[in-house]
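This briefing concerns how two protein chains meet and how selected parts of them are held together. Please look at the sequence and the structure before reading the notes that follow.

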Amino acid sequence: MEEHKIKSAWEIAQEKIARMPDLTSEELIKQKEREFEPIGEAIAKKYLGGGIRATELKTGLIKYRGAEGQIVKQALISSLAQSIELGNDVRNKRAMEGFQVFAGASIAFEEARNTFDSINSEFEQEIQQRHKMFETLGKDKLQRLGISGSAIRPNVKGNEDWQHEENRIRQSFDMKVDRLRKDLVQLAQDAQL
Amino acid sequence: MRLVKNLYTYVWSGSNNNCNTCVFAATLSEGRHLMVDPGHINTPFYQEPSFDRLLKEMKEDGIDGGEIGLVVLTHAHPDHCEAAVVIQDKTKALIALHEADEATYQVIGGKADLYLDEGDLLLGERRPAKFCVYHSPGHSPGHITLYWPEQKVLIAGDVIFYHSTGRVDLPGGNAKALKQSIEKLAQLDIEYLLCGHSYGHPGIIKGKEAVRENFEFLMRNILF
């Protein structure tokens with residue numbers, strides 16, 4: 001008589017897994033990316049938030065070798081690149097210092113940094129000019145309502161028209177900033193750990 | 001109640017906490033009014049309809065609440081500013097406060113149209129009335145006081161009360177800053193000192209002598 005063995009849930013699961021085909025190399029890469037990208041992003045986040053110093057960025061990568069190390073590094077420098085935002089001087093300075101750790105003090109990196117400074121200063125100048133114009137318009141409007149004097153300052157940043165204007169100016173710089181982000185990522189990628 | 005010229009004061013007399021309010025009638029273009037600190041909409045706990053009561057009292061003085069053109073907030077605590085959101089919504093009045101209190105005002109859904117820094121505030125078109133805005137932090141970081149030199153009136157908000165001062169234990173409070181604010185205001189020539197709350201006193205300190213005595217009391221007993 002055939003003996004029927006009662007299988008545990010664990011054993012049934014193991015059998016099912018054994019019947020499944022192996023992961024393709026593409027799936028394996030994707031799986032690794034899913035696993036290691038968040039690590040690089042987390043290191044960048046911690047660094048940008050002031051949790052670690054620029055010099056500690058490389059030490060954070062030491063424990064990840066080979067393909068895994070590359071994924072972590074790629075995610076880290078992509079996050080640094082994405083954190084660059086015109087007008088956000090504190091964060092931009094930090095992001096650039098982070099890039100320098102990877103890219104080194106090369107001429108190419110200095111050029112990229114100078115290009116960014118020049119784009120940023122062009123952006124800030126335009127923002128300042130338009131902000132001043134909005135402020136003047138706001139004061140004229142207040143004057144018509146019988147409100148004037150040195151104490152008053154219209155709330156320009158709370159004005160919807162200004163928010164649209166600021167977005168428009170920001171978007172007009174998008175292409176330049178994106179190109180610069182790509183250059184920085186390339187420089188940091190090319191450099192050896 | 002008309003205090004002097006076109007300045008009306010509304011001293012809160014309900015059971016719960018709410019602030020006193022001032023109205024400068026017909027001081028803006030097209031006869032619109034300036035209101036300082038409209039207070040709560042309804043008081044907490046007892047839900048007294050404080051803002052409706054204010055509008056009723058104003059109406060009795062011939063002032064239409066629908067014609068408010070500017071609301072100045074001495075600071076952004078809800079017992080001073082909550083009703084400003086309703087006024088802005090219903091009358092399109094502009095809301096003014098110090099930028100350092102803006103974040104607190106946003107918590108109750110408020111939106112400032114203009115900021116007030118230390119300096120002159122001129123209201124009216126042909127012969128504008130001049131007010132001096134003082135940044136008076138301590139009770140809150142963006143607390144302002146409003147001085148009307150022509151009539152020697154100081155709207156003190158929650159900086160100075162009768163024989164007392166505003167508390168400094170709320171977020172952004174600072175005892176040292178409050179002391180400095182009061183010392184600065186003590187230099188002004190004041191005939192009427194309008195307190196943000198009455199706290200067992202009529203809420204208006206009248207006469208130079210009484211004002212001076214109050215400052216001296218604060219310096220001697222509270223700000224030493």
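**How the two chains meet**

The contact draws on 21 residues of chain B and 15 residues of chain A. The model discussed here is predicted. Between them, chain B and chain A bury about 1500 Å², and 46% of this area lies on carbon and sulfur atoms. The size of an interface is often expressed as the accessible area lost when the parts come together.

**Polar and charged contacts across the interface**

- The interface of chain B and chain A holds 4 salt bridges.
- One salt bridge is formed by the side chains of Arg153(A) and Glu99(B), with an N to O distance of 3.0 Å.
- Across the interface of chain B and chain A there are also 19 residue pairs in polar contact.

**The side of chain B that touches chain A**

- Two strands of chain B, β7 (114–116) and β8 (119–123), each supply at least two residues of the side that touches chain A.
- The largest share of this side, 5 residues, comes from β8(B).
- By class, the side of chain B that touches chain A comprises 11 nonpolar, 3 polar and 7 charged residues.
- Strand β1 of chain A (residues 147–148) is joined to β8(B) by 2 bridges, and the two strands run antiparallel.
- Within this pairing, Ser148(A) stands opposite Leu122(B) in β8(B).

**Salt bridges within the chains**

- Over all chains, the whole structure contains 28 salt bridges.
- Side chains of opposite charge can pair when their charged atoms come close.
- In chain A, the side chains of Arg168(A) and Glu126(A) meet in a salt bridge with an N to O distance of 3.9 Å.
- Arg168(A) belongs to helix α7 (residues 160–172) and Glu126(A) to helix α6 (residues 107–144), so this pair ties together parts of chain A that are 42 residues apart in sequence.
- Arg168(A) is partly exposed, at a relative accessible area of 40%, and Glu126(A) is also partly exposed, at 25% relative accessibility.
- In chain B, Glu60(B) and Lys56(B) form a salt bridge of 3.4 Å, N to O.
- Glu60(B) and Lys56(B) are 4 residues apart in helix α1 (residues 50–60) of chain B, and therefore about one helical turn separates them.
- Both Glu60(B) and Lys56(B) are exposed.
- The side chains of Glu183(B) and Lys179(B) form a salt bridge of 3.0 Å, N to O.
- Because Glu183(B) and Lys179(B) are 4 residues apart in helix α4 (residues 175–185) of chain B, they too are separated by about one helical turn.
- Glu183(B) is partly exposed at 29% relative accessibility, as is Lys179(B) at 30%.
- Through shared partners, salt bridges join Arg153(A), Lys157(A), Glu99(B), Glu102(B) and Asp117(B) into one network.

**A buried strand in chain B**

- Strand β11 of chain B (residues 153–157) is mostly covered, with 5 of its 5 residues buried.
- From β11(B), Val153(B), Ile155(B) and Gly157(B) point one way, while Leu154(B) and Ala156(B) point the other way.
- Strand β10 of chain B (residues 144–148) runs antiparallel to β11(B) and is joined to it by 3 bridges.
- Tyr147(B) has Leu154(B) as its bridge partner in β11(B).
- The hairpin of β10(B) and β11(B) has 4 residues between the strands, and in this hairpin Lys152(B) takes a positive phi near 55°.
- Strand β14 of chain B (residues 192–195) runs parallel to β11(B), and 4 bridges join the two.
- Ile155(B) stands opposite Leu194(B) in β14(B).

Notes: Residues numbered from 1 in each chain as written. Chains lettered and ligands numbered in written order. Predicted model: local features only at pLDDT ≥ 70, side-chain atom pairs only at ≥ 80, totals over all residues. Heavy atoms only, no water. Contact = heavy atoms within 4.5 Å. Buried area = accessible area lost by both parts, 1.4 Å probe. Polar contact = N/O pair within 3.5 Å; in protein donor to acceptor, adjacent residues only side chain to side chain. Nonpolar A, V, L, I, M, F, W, Y, C, P; charged D, E, K, R; others polar. Pairing = 2+ DSSP bridges. Buried < 20%, exposed > 50% of the residue type's maximum accessible area, 1.4 Å probe, protein only.
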